[in-house]
Amino acid sequence: MTIASRAESANDYVRRHSTHPLISRRKAADIARAAVRLAALLGIDPVHVHPDRRWSYLSLPLAPLTLHASDPDDPQQVYTFSYSDPFYLLGPCPVCEATVPLAEIRSLADLGVFFADGLAPLPDNGILPSSYPDEFDRNPSHSSTCPFWDSEE
């Protein structure tokens, strides 16, 4: 796929997804641009990236956008990302299984590091390995019994 055809596809995606009956045109365009940005980061066509259609997060201005990216070669393989800036790969907490940020993704290489190294084991001393993003233990999705749950949230 040429650069020009990728740019046309991205523009078409933003244009088609910049309106939605439940949200403002500006918010819809922002969501479409975030989807295009993730697609570009992953090197895939934007048609393989879909925002979470639960619009309840829009009432919370600080809640990150959730995007689902399907693998063009295996559509059953879907990766979930949150976006505030940067993107975060979401997955189950190794302790409580809540969906939380597992890796900060600023480039495709960051995702490659995660796939190559996997999740570092969590030590019993409660100190988070440096390979986990700060957002891992700041995420309010952890269960109340999880040692990474922050009761201050």
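A nonpolar core is a set of buried Ala, Val, Leu, Ile, Met, Phe, Trp, Tyr and Cys residues joined through side-chain atoms within 4.5 Å, where buried means under 20% relative accessible area, exposed over 50% and partly exposed in between, with a 1.4 Å probe and protein chains only. I note that this is a predicted model, in which local features need pLDDT of at least 70 and side-chain atom pairs count only at pLDDT 80 or more, while totals for chains, interfaces and linings use all residues. Residues are numbered from 1 along each chain as its sequence is written, and side-chain values use heavy atoms, with hydrogens and water left out.

**Entry: the core**

I looked up the largest nonpolar core, which has 36 residues, and found that Leu67 and Phe81 touch the most other members. At least two residues each come from helix 1 (3-16), helix 2 (25-42), strand 2 (65-71), strand 3 (74-83), strand 4 (87-92), strand 5 (99-105) and helix 3 (108-117); helices (H or I, at least four residues) and strands (E, at least two) are DSSP runs, numbered from the N terminus. Helix 2 gives the most to this core, with 10 residues. I then listed the contacts of leucine 67 (heavy atoms within 4.5 Å), and, leaving aside neighbours within four places in sequence, they include Ala34, Leu38, Val49, Pro51, Phe81 and Phe87.

**Entry: the cysteines**

My search of the whole structure accordingly gave 0 disulfides. I also noted that cysteine 146 is buried, at a relative accessible area of 5%.

**Entry: histidine 17**

I found histidine 17 in the loop between helix 1 and helix 2, partly exposed with a relative accessible area of 26%. Not counting residues up to four places away in sequence, histidine 17 touches Ala28, Ala29, Ala32 and Arg53. The side chain of histidine 17 also reaches the backbone oxygen of tyrosine 13 at 2.9 Å. From C-alpha to C-alpha, histidine 17 and isoleucine 31 are 8.3 Å apart in space, and they are 14 residues apart in sequence.

**Entry: glutamate 97**

Is glutamate 97 buried or exposed? I recorded glutamate 97 as exposed, with a relative accessible area of 63%, in the loop between strand 4 and strand 5. Its phi is near 70°, a positive value in a residue other than glycine.

How values were computed. Disulfide = S-S within 2.5 Å. Polar contact = N/O pair within 3.5 Å; in protein donor to acceptor, adjacent residues only side chain to side chain.
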